[in-house]
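Thanks for coming, everyone. Let me put the structure up and walk you through it.

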Amino acid sequence: MVEGRGNLIAYEGATPIVDDSAFVAAGSQVIGNVTIGAQSSIWYNCVLRGDINHIVIGARSNIQDGSVIHVDSPKDGGSGLPTIIGDDVLIGHMVMLHGSILHDRAFVGLGSIVMDGCTIESDGMLAAGSMLTPGKTIGAGELWMGRPAKKLRDMSAEEIARNRLGAGHYVLLAERHKAATL
């Protein structure tokens, strides 16, 4: 374990790559082929398992407490699906992401599930407690909710602006936590 960096675990020759400015909280498990970008934060007790495919997290994104990120297994001779998370993405507490793509500034509310082959485009939002079923796409600026999730409406400019503030907030909060735990 690297102090202040969670538990970084190599798997079959793949070692997590974590930018020096990122925060990986104690109790988190980051396994295998995982890349975490500048000023991103992985909060307490998260699991990021890049064992059978890869996980990439861009800059200033946050994965909040208790979330699980995994990838899709190769099927029928294919390569499976990685999980790719862009810049300034907000992932709420206790979220499960599996083999999905979240573009810059996507937002996944707490307790939600995003399944294989799903995409959330820039400024798209999946509401808390929702489940995005395989292969679905949330368009740019759309709000989806429910189990299974369906489009509720387009988000207002004010809602999008408010969501965009969240990434900066988590960068500052992560810096405070990182300083307190080193």
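Start at M115. M115 sits in the loop between strand 13 (113–114) and strand 14 (119–120). Strands here are DSSP runs of E with at least two residues, helices are runs of H or I with at least four residues, and both are numbered from the N terminus. M115 is partly exposed, at 29% relative accessibility. On cut-offs: buried is under 20% relative accessible area, exposed is over 50%, and partly exposed is in between, with a 1.4 Å probe and protein chains only.

What does M115 touch, leaving out residues up to four places away in sequence? The list is H98, G99, S100, M131, L132, T133 and P134. Contact means heavy atoms within 4.5 Å. V30 is 85 residues from M115 in sequence, and the two C-alpha atoms are 20 Å apart in space.

A word on the source. This is a predicted model, where local features need pLDDT of at least 70, side-chain atom pairs count only at pLDDT 80 or more, and totals for chains, interfaces and linings use all residues. Residues are numbered from 1 along each chain as its sequence is written, and side-chain values use heavy atoms, with hydrogens and water left out.

Next, the strands. Two strands pair if DSSP finds at least two bridges between them. Strand 3 and strand 5 run parallel, joined by seven bridges. I36 has I57 as its bridge partner in strand 5. Strand 5 also pairs with strand 8 (residues 83–85), in the parallel sense, over three bridges. There, I57 stands opposite I85. Strand 7 (residues 68–70) pairs with strand 5 too, again parallel, over two bridges. V47 has V68 as its bridge partner in strand 7.

Now an antiparallel case. Strand 18 (residues 142–146) pairs with strand 19 (residues 149–154) over five bridges. The two form a hairpin, with two residues between them. L143 stands opposite R153 of strand 19.

Keep R153 in view. R153 makes a salt bridge with E159, with the closest N and O atoms 2.8 Å apart. The rule: a side-chain nitrogen of Lys or Arg within 4 Å of a carboxyl oxygen of Asp or Glu. R153 is partly exposed at 35%, whereas E159 is buried at 16%.

Helix 1 (residues 157–181) has 25 residues. From first C-alpha to last, helix 1 reaches 37 Å, close to the 36 Å expected at 1.5 Å a residue. That expected span is 1.5 Å times one less than the number of residues. Which residues of helix 1 are buried? They are E159, I160, N163, G166, A167, Y170, V171, A174 and K178. As background, an α-helix has 3.6 residues a turn, so residues three or four places apart point the same way.

Back to charge. How many salt bridges does the structure hold? Eight. One of them joins D88 to R60, with the closest N and O atoms 2.8 Å apart. That pair links distant parts of the chain, 28 residues apart: D88 is in the loop between strand 8 and strand 9 (90–91), and R60 is in the loop between strand 5 and strand 6 (62–63). D88 is partly exposed at 22%, and R60 is partly exposed at 30%. D72 and K75 form another salt bridge, at 2.5 Å between the closest N and O atoms. D72 is buried at 8%, while K75 is partly exposed at 47%. Salt bridges also link R105, D123 and R164 in a network.

On to the rings. Phe, Tyr and Trp rings (the six-membered ring for Trp) pair if their centres lie within 6.5 Å; planes under 30 degrees apart are stacked, over 60 edge-to-face, and the rest tilted. A search of the whole structure gives four aromatic pairs. F23 and Y44 form an edge-to-face pair, 6.1 Å centre to centre, with 70 degrees between the planes. F23 is in strand 3 (residues 23–36) and Y44 in the loop between strand 4 (41–42) and strand 5 (47–57), so the pair ties together parts 21 residues apart in sequence. F23 is buried at 2%, but Y44 is partly exposed at 22%. Ring pairs link F23, W43, Y44 and Y170 into a cluster.
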